[in-house]
Amino acid sequence: MDLNLFRKYDICSDLIDFAIDVAEYCEYGDQDILNYYFIDGYKLLDIKWNCGRELLEGREKEVGIVHYYGLEKPWKFGMVSIFYIKRAHIDMIHTYKLYEYRFLQKVNGCFNDRVTIIVKLDTFKHIETIDSILLQNYKNVDIKVIDTSQDIRVRGRVKKLQPYYPRLRYYEVTQNDNISRVMNFVVRNANGNIFYAKSKYLFLSNTITDLRKVMIENQADIVTAGEKEFNADKRGFYRIQRDDKVVDISDRKEVEVSSLNGCLIKKEIFDGIDDLNLEDNKLVNRILEKANKVMLKNSDYLIKLID
């Protein structure tokens, strides 16, 4: 659209008046209004500037704009949609997330309720863990990748993603490093509450949003979620679908929570603890002891990949 001409001739006002006159004939809202109004005043562009998903196959590099029309949007991931979408499509979604980030920076008040996501990646095989974290629909996140894999492909993948995610940071743990030292640094410098994730798990795109809501509504110190197993080779689920209830497990937290993986934790819970190796069972017990209220969101947000 030539926006200069739109403003010069106040086309928006004309469109509103026109829409009122022809509303009863319009099935597709703004599309019909624009098509009727500009019936002789448009130019057809090449399909590459309005390419639907079903026309995208094999043309990713030549397409200018991908149009995800309809109710299903690729950034609203289901259980393990990430396995059914080709890498080229996922890269396009990362581009979308960069535009979203730039827009939200211009909106006052959007970055007050921050969450720091710590991702421990011990093998390149489960690099999709990072994708499932990056594609969260929760807007205000810092993402810290702690790489213990000793695989240069992990660093390469993260470096390719960093231009799309300005708040993505990478920390490599070599054989001579102490992971507790690295973890201590990351936790101490975290912003807001902390969500811990590790490789071999995928997360739904609404995991952080829903757990954060539970934390606020229940004034909880820790919120955790149920998990489901998924066989990536057979593309099959295991375990029964959960009931999606929110349950107070404060009186049995040591039984229900055996790992901090998939837990959203108030940062102040870590105060006064020197050794922050989040994989240590002793630390898990100490964190639980300090938490007055622990809630379980009984949903399958954690997808454990099995061979």
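Mentor: The largest cavity is lined by 16 residues, among which Lys97, Tyr101, Lys139, Val141 and Tyr165 lie nearest its centre. Here a cavity is, on a 1 Å grid over the protein atoms alone, a set of points where a 1.4 Å probe fits but cannot get out, and lining residues have an atom within 4 Å of a point. This is a predicted model, in which local features need pLDDT of at least 70 and side-chain atom pairs count only at pLDDT 80 or more, while totals for chains, interfaces and linings use all residues. Residues are numbered from 1 along each chain as its sequence is written, and side-chain values use heavy atoms, with hydrogens and water left out.

The elements that give two or more residues to this lining are α4 (87-105), α5 (128-134) and β4 (141-147), where helices (H or I, at least four residues) and strands (E, at least two) are DSSP runs numbered from the N terminus. Of these elements, α4 gives the most, with 4 residues.

As for size, the largest cavity has a volume of about 220 Å³, a volume being the space filled by probe spheres set on the points, which are joined across faces, edges and corners. By this rule, the count comes to 2 cavities of 30 Å³ or more.

Terms used
1 Å grid on protein atoms, 1.4 Å probe; cavity = no way out; pocket = protein on both sides within 12 Å on 5 of 7 lines; lining within 4 Å.
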